Amino acid sequence: MTSRATDKIITASRKPPFFRRLYVQLTLLGGITLVLAIFLFTWKTVHEQSNFAYESIKSQAETLAANIASASGNYIVSEDFGALEQLLLQSAAYREVLAIKVVDKNGTVFGHVQRLGNGKPRPVYEQLTLVPPSVATTRKLVDKNILTTWVPIENASLGWMQLDYSLATIESVQQSIWRNGIITALLAIMFSLGFLVILLRRPMRSISRATDFARELYKTRGQIMAVEKSAYEVEQLEHALNFAARRLYDTNKDLNDFKFALDAHAIVGISDQHGTLHYVNDNFCEISGYPRDELLGSSYSKLRSGAHSEIFYNNLWNTISSGRVWHGEIQDRNKDGSLYWVDTTIVPFVDDRGLPYQYIGIQTDITERKYAEEVNARLGRILDESLNEIYVFDTTDFRFLRVNRGAEKNLGYNREELHNKTACDIKPEFDKQRFSEFVAPLLRGECEELNFESLHQRKDGSTYPVDIHLQLSRAEQPFVFVAIILDITERKEAERKLQEYQEHLEEMVEQRTHNLVAVNRELESFCYSVSHDLRAPLRSIDGFSQALLEDYGNRLEEDAQSYLSRVRASTQRMGQLIDDLLKLSRVVRSDMNMLNVDLAALARDVEIRLREREPGRNIEFVVSGDLCVQGDERLLLTMLENLLGNAWKFTANKDSARIELGETAQEDGRKVYYIKDNGAGFDETYVHKLFEPFQRLHSMQEYEGTGVGLATVQRIIRRHGGDVWAAGKIDHGATVFFTLGGNE
Amino acid sequence: MSITNTKILLVEDNPDDEELTLRALRHHNIANDLVIARDGVEALDYLFTTGKYADKDPDEFPQVVLLDLKLPKIDGLEVLKKMRADERTKCLPVVVLTSSNEEKDIVDSYNFGANSYVRKPVDFVQFIAAAEQLGMYWLVLNQSPVDI
C-alpha cells in the first residue's frame, strides 16, 4: 500500500542539489561569516593605520614648515638672502619636500627652492608672483598627492612661506598596510574553513549514516544501528532512530501477524473507490478460481452469480460509498462456474473529507454451512411431508415435542392436540411405567435403536398396527427420542396372506405336479393310441386295396385299378402324416442328452442313406468348416435328416445339384450354420409360413411331403437354444441358417 | 426243438391284420402252419398247453412267434415277459409286430427279449429280412421242414 510513497522519498533523496546539502550550507555560512568578520576587522585596522601615518606625515610637514618660517624670519629682517637660500636648501633635503617658496606681502617670490624628479633641490631664480592667503593663519591644501602649506612669517608682516610636501610616501605605506592586512585575512579564513570542515565531517558522516539507516528502515527487520561517539544531538538522533526502528519493526510485525492471520482465515480483497481490485490474497484467488493477474484491475462484479437482485448490490454500494460498513452473505460464481457462499464484511477507508478512497473486503467461505442449512431445511420439509409418522419426544415424560404431518394425518389429531399428548397416550399396549422400562436400554446406551411392532390408537379410538423405529438422539440437549413409524396394516394383511399361501404351497405344488404328470401321461397315451388305433383302419384299407389289386386286378377295369391305387396312396400318405406328427411330438417331449456332436459326420451318414435311396441322382455334396457342436445327437440327426432331405428333394429337377453344409460367423461372434442348395427355392413372401407345421409351399404333384419337416427342425433348434431362418428365391435355391445355443 | 415242428404262432387280435398277414405269407408260399391266437391269454394257453389248448402236445412249440403288442386281456409285452420267464419258451424267437416306428414300443420289446420286429402290415420283404436276422432262413424256403 505504501511502497510507492517510499520509493518517491528514496529517489528524491538520492541526488541532493549541492547547495542544499547541510554540510555545504554550514561550511558556506561559517566561511562567509568568517570572511566578513576578518575582512571588516582588517579593513578597519588598515584604515586606521593608514590615517595615522597620513596625519603623522602631515604634522611632520607642518612642523617643518613652521620651523622654516620661523628660521627664515631673521634672514628676511637682516636681508641676508644667501643664508635664506642656504636654509631653504637644507630644509629641502627631505625627500618629501618638493618646493619651498618665500614671498613678500605682495606675493612676490624672493626665495625659491625646488626638487625635480629624484634630483637634489636647487634654487630657482624666476620672477614669480603668488597669491598668498588673505588671513595670516597656516593654510593647507592637498592637491595631487602634494600637500601645500602656507605659513605666515611674523604674522605675515614679513611675508609668507609656501611648502609643497609630497604625499607619495604615504600612499606606498598605505598600500603596504593593505597588502599585509589582506594576506593575514585570507590566511585566517583558510585556516578557519579548514577547521570548520574537519569539525563538521564527523557529525555529518553520522547524520548521513543515520539517514541511510532511516532510509533502509522499511526493509530492516528490527535491526538497530551502532551509535558512535559524536555530536550529542547526532547521538540523540541515532538513539531516537533506533528506538523508532524498534517500534516500527514491532508495529510492522504486529500488522504482519494480523495480516497473516487475516489472510489465513479470510478471503481478503482491497479495491479503490471505484471498486477496482488492487489487492487480493491467496484465499481470494483460490476460491474464485481466477489467477491473481486476472482479478487485479477487475471488480467484484466479475464474480456475480446472478443469485442476488440489482437492488441488493445497489444497497451494498450505497452503504459503503457513504462510509459505512456493510455486512452480509453473498453467493458468487467462480471461474469454472460453480457457486459458493461468502460471509462478507466490506469496510470503507475514508480520507480527511470523509470520502472512501478504498474498500477492504473480508470474506469467509460459508458454502458448506449454507449447503448444510439448505439440506437441513429440505430434510425438514421432506420429513414433515413424509407419510411415515415421525415424532420427537421427551425422554422423561414422553411428551411430544415435534410431530410431522404424517402423524397428524394418521392419528386424526391436530398438531396442538398432539403437543399435549405423550407417546404412551397413542399406544394402548403401553402405560407410562411399561414404556419407561421398555426404552430404558436406549437411555442406558445398551443399544442404538429399538425396532418393534405395536399398535397406535387414532383419535376416534380405532387402532392400527405400526412398525416403530425408536432411537435416542444425542444431537439435541437434553437428549430426545426420535421415533419413525410406519403404518403396516397392509403389510400385516400381506403377511397373513403370505402365511396362508406358504401353508398351502406344498399342497398346491403337489397338486400341480400330480396334474402335470397326469396330463403328460394322458398325452403319451394319446400319442400311443393315435399311432396304433388310427393306423389299424388305415392298414386295413391299404392292405385290402392292395389285395384287391393283386388278387383281382385282372378282373378290374383300368379306372378301378387307378382308383384303388389312389386309395392306397392316400392311406399311405395319412400313415406318413401320423408318423411325422408323432415324430414332432417326440422332439418336444424327449429328454436332451447334451454331448459333443460333429455335424459333418452326421451329415455324411445322412448323405449315404439318401444316396442309397436314390442312387441315380447326380448331387455334389459339400461339407466344410468346423461343425463340432454341443447338442443331442439324436435330435440333431433328425434335424439334418429333414434339412438335407429337403435339399435333396427340392434339387430333384436339377441336372447338377449341389448341397452345401457350412458355417459362418455372425457380427456378434455367434456361429451360424447353413445348408444351401441350388434347387427349387421358394417365394420369400411366404417365408413366415415355412416353419409352421403342415404348411407347404409346393404342391404334392411337384414335391411330396407332409410339411412337418421344417417345423420339426425349428423345434429341435429351439430346444438347443438356437434360432433358425431361411432365405431363398424361386428356382435359385434355398438356404436355411441356424444357430445352436445363445453363447456359441 | 423237434425238427418236425414248423408251426408259426401269430398273436393278433385284429381280424383284418390277421387276414392280411395270412395272405402275405400265403402269397409267398410260406407253407408253415399258422396258429392264430386272438389275445394274450390264448397265446399263453397255446404256448404252455393250458386252457383252450390243454389237449395240445406240451412239447410242441412254434418255430417263431409273431406277436402284436396291443392285445386284449394280456398285452403283447406281458406275453413276452412271461415267455422269457419260462424255461420252455425262453429261447423261442419272437418277432414283434408294431403299428408304427414308435420307438418306445421297439425299445420296450427288445428290453423284454424280442428278437426282431416287423412293422404292420406284415409284408413279405420285411418278414424275410426279419427271418434272415433270426437265422431262420430255412423258414422262408417254401419247404416243409419235414422235407429237410
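Select chain B and follow its elements from the N terminus: they run β-α-β-α-β-α-β-α-β-α, giving five helices and five strands. Helices here are DSSP runs of H or I with at least four residues, strands are runs of E with at least two, and both are numbered from the N terminus. The model is predicted: local features need pLDDT of at least 70, side-chain atom pairs count only at pLDDT 80 or more, and totals for chains, interfaces and linings use all residues. Residues are numbered from 1 along each chain as its sequence is written, while chains are lettered from A and ligands numbered from 1 in the order in which they are written.

With chain B still selected, colour by burial: 37% of its 148 residues count as buried. A residue is buried with 20 or more other C-beta atoms within 10 Å of its own, exposed with 12 or fewer, and partly exposed in between, with C-beta atoms placed from the backbone.

Next, select Ile189(A), in helix α4 (residues 168–216) of chain A. Ile189(A) is partly exposed because 18 other C-beta atoms lie within 10 Å. Which residues does Ile189(A) touch, leaving aside those up to four places away in sequence? They are Leu34(A), Val35(A) and Ile38(A), where contact requires C-beta atoms, placed from the backbone, within 7 Å.

Finally, select β12 (residues 389–394) and β13 (residues 400–403) of chain A, which pair in the antiparallel sense over three bridges; pairing requires at least two DSSP bridges. Val392(A) has Arg402(A) as its bridge partner in β13(A). Five residues separate the strands of this hairpin, and Phe398(A) in the turn has a positive phi of about 60°.

Terms used: Two residues are in contact if their C-beta atoms, placed from the backbone, lie within 7 Å.
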